[in-house]
Amino acid sequence: MTKAYMIIHDLKLGRAGLTNAMLTRSKVFYEKGLPADIITFDDDPNYGDVVRELKNSGKMHQDTQLHNMINFFKNRSMSSAEDQQPDFYQNMHNQIHTCIEIEADSTSSRFFSKQTGEYVYFVRWTNAERTAYKHVDYFVKHKRESRFRFKKKKLDKIESFNEKNERYHEVFFNEKGNPFLNRAIHPEKQTVEGNYLLYNKRKFVNNVELAAFFIEELLDKYDETILICDGPGSFNKMLKSNPRNTMKIAVIHTNHFMHPYTYGSKVKKQEAHIIENANNIDAIVVFTEKQKEDVKRQYNVSNIVVIPNFQYPAQIEKITSKNERQVVGMASRLHETKGFDRLIEVAEKVRTIDSTIKFHVYGKGGLEQSIRQAIDEKHLQQTVFLQGYSSNMNQVIGTFDISISTSKYEAFGLSISEAMMQEVPVVAMDVRYGPSDLIEDGYNGYLVEDGDTSAMAQKIVELIHNQKQRTLFGKRGRQKVLEDLSIDKIYNKWNVLLQKKTTK
């Protein structure tokens with residue numbers, strides 16, 4: 001039996017781009033008869049809830065399994081002959097309630113010693129009803145020494161902190177209350193410096209070694225396996241692993257160049273490492289011919305292939321009953337590379353021409369506060385609106401008259417193809433890579449020169465005032481996506497690649 005695995009460091013709710021592309025690929029592979037699960041390496045006690053939400057939303061196939069490294073070793077350790085440990089949770093609960101409690105908020109309290117008055121515990125509950133501890137911080141001489149994390153009233157993890165309140169050590173526990181993984185942490189870098197897998201008495205110098213061992217153990221029961229690394233930070237973990245009869249593929253989800261993101265620019269460190277190790281894996285996948293050409297011009301790489309992201313033929317959810325349809329939309333992570341400084345300039349120029357046109361931005365990210373500040377400084381509060389994250393982007397896109405992309409670079413432009421699928425015309429800056437692969441300027445949308453905010457503003461106003469042109473562009477755009485990014489067409493490209501015999 002052949003089994004595929006997608007590799008990424010972590011899997012979180014509320015992410016688009018890379019995460020959605022990976023989940024969709026897993027979903028399609030399962031539908032085509034190739035089981036394709038997800039591998040993660042982080043420490044997240046809430047993965048059960050994450051998977052449940054992703055499956056309920058339809059983003060994850062119902063048969064897709066998530067294999068997390070920490071949980072894998074936790075489950076393996078349960079088969080050891082170690083006895084059940086005493087109830088640590090109840091013992092700690094008893095100790096805490098010998099102290100004086102002062103409530104901090106609805107889900108947390110501080111506890112002080114009745115004998116000395118010293119601050120001893122900070123307790124965080126899982127909910128306002130205070131039915132179970134989430135974690136307990138233990139203090140010595142008013143400095144945090146340890147954090148005890150609990151899951152379903154069982155000890156899950158102990159973290160230790162130094163005088164500067166920097167984490168330097170952690171121990172993970174299984175359902176029996178036995179420790180199974182001991183990790184040393186560099187206090188300043190917060191990187192793992194040593195792993196001790198206690199249940200089988202093995203030491204691993206770093207996280208890459210431990211992760212490689214995890215991959216080998218996970219894949220051992222299958223005759224043939226396929227590893228597809230989506231997270232660039234996890235590439236070394238795949239590279240260092242040596243499971244039998246396995247095909248290794250790395251997917252580059254970004255423009256590999258640094259600023260100004262064009263050929264001749266310095267190559268990003270992680271992507272350079274992947275490309276330089278092309279001969280040590282079976283294939284590198286990129287999304288556009290232009291990126292493939294740029295890579296081959298600079299590196300001696302023969303095993304690079306072009307396979308765009310899958311695009312499901314979504315039902316059109318365009319809203320046509322709204323009275324004032326003057327909405328320019330953008331769905332994007334709130335990140336510097338998405339060009340929000342350009343969006344602000346565009347909005348400012350559009351407002352001087354037609355103040356009825358509104359810009360609705362959907363997404364979340366670390367740049368939110370600075371975007372709000374720019375909106376205030378330019379007095380665009382009645383023009384640009386940050387609408388937050390939505391779990392149903394098709395419905396959101398359906399509220400747009402036009403979708404725009406001000407990104408400084410892309411690898412494909414998933415938000416562009418999603419808008420085109422909804423018959424929403426797109427005005428995009430012509431950056432590497434993706435927009436020009438999807439948009440034929442003047443036929444199914446508009447491309448403007450990279451950074452030309454005046455041209456973009458002009459095209460927005462022109463298109464917003466021409467419903468006939470919007471409708472024509474929208475229909476042509478949807479047809480383009482349906483033809484070029486159909487499930488069968490993209491899967492056939494993957495199938496051709498996966499049928500090649502691995503030489504590793």
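Which residues in α9 meet which residues in α14? Before I answer, please keep in mind that this is a predicted model, in which local features need pLDDT of at least 70 and side-chain atom pairs count only at pLDDT 80 or more, while totals for chains, interfaces and linings use all residues. Residues are numbered from 1 along each chain as its sequence is written, and side-chain values use heavy atoms, with hydrogens and water left out.

On the α9 side we have R342, E345, V346, K349, V350 and I353, and they meet T453, S454, M456, A457, I460 and V461 in α14, where contact means heavy atoms within 4.5 Å. The residues of this contact divide into 7 nonpolar, 2 polar and 3 charged. Helix α9 covers residues 340–353 and helix α14 residues 453–464, and the two pack at an angle of about 50° with their axes 9 Å apart.

Let me turn to strand β18, residues 327–331, in which 5 of 5 residues are buried, buried meaning under 20% relative accessible area with a 1.4 Å probe, protein chains only. V327, G329 and A331 lie on one side and V328 and M330 on the other, so that both faces are covered. Strand β18 pairs with strand β19, residues 358–362, in the parallel sense over 5 bridges, pairing requiring that DSSP finds at least two bridges between two strands, and V327 stands opposite K358 in β19.

Finally, helix α12, residues 414–421, is largely enclosed by the rest of the structure, because 7 of its 8 residues are buried. Just after α12, E423 takes a positive phi of about 60°.

How values were computed:
Axes are lines fitted to C-alpha atoms, for helices over the stretch in contact, and angles run from 0 to 180 degrees between N-to-C directions. Helices (H or I, at least four residues) and strands (E, at least two) are DSSP runs, numbered from the N terminus. Ala, Val, Leu, Ile, Met, Phe, Trp, Tyr, Cys and Pro count as nonpolar, Asp, Glu, Lys and Arg as charged, and the others, Gly among them, as polar. Buried means under 20% relative accessible area, exposed over 50%, partly exposed in between (1.4 Å probe, protein chains only).
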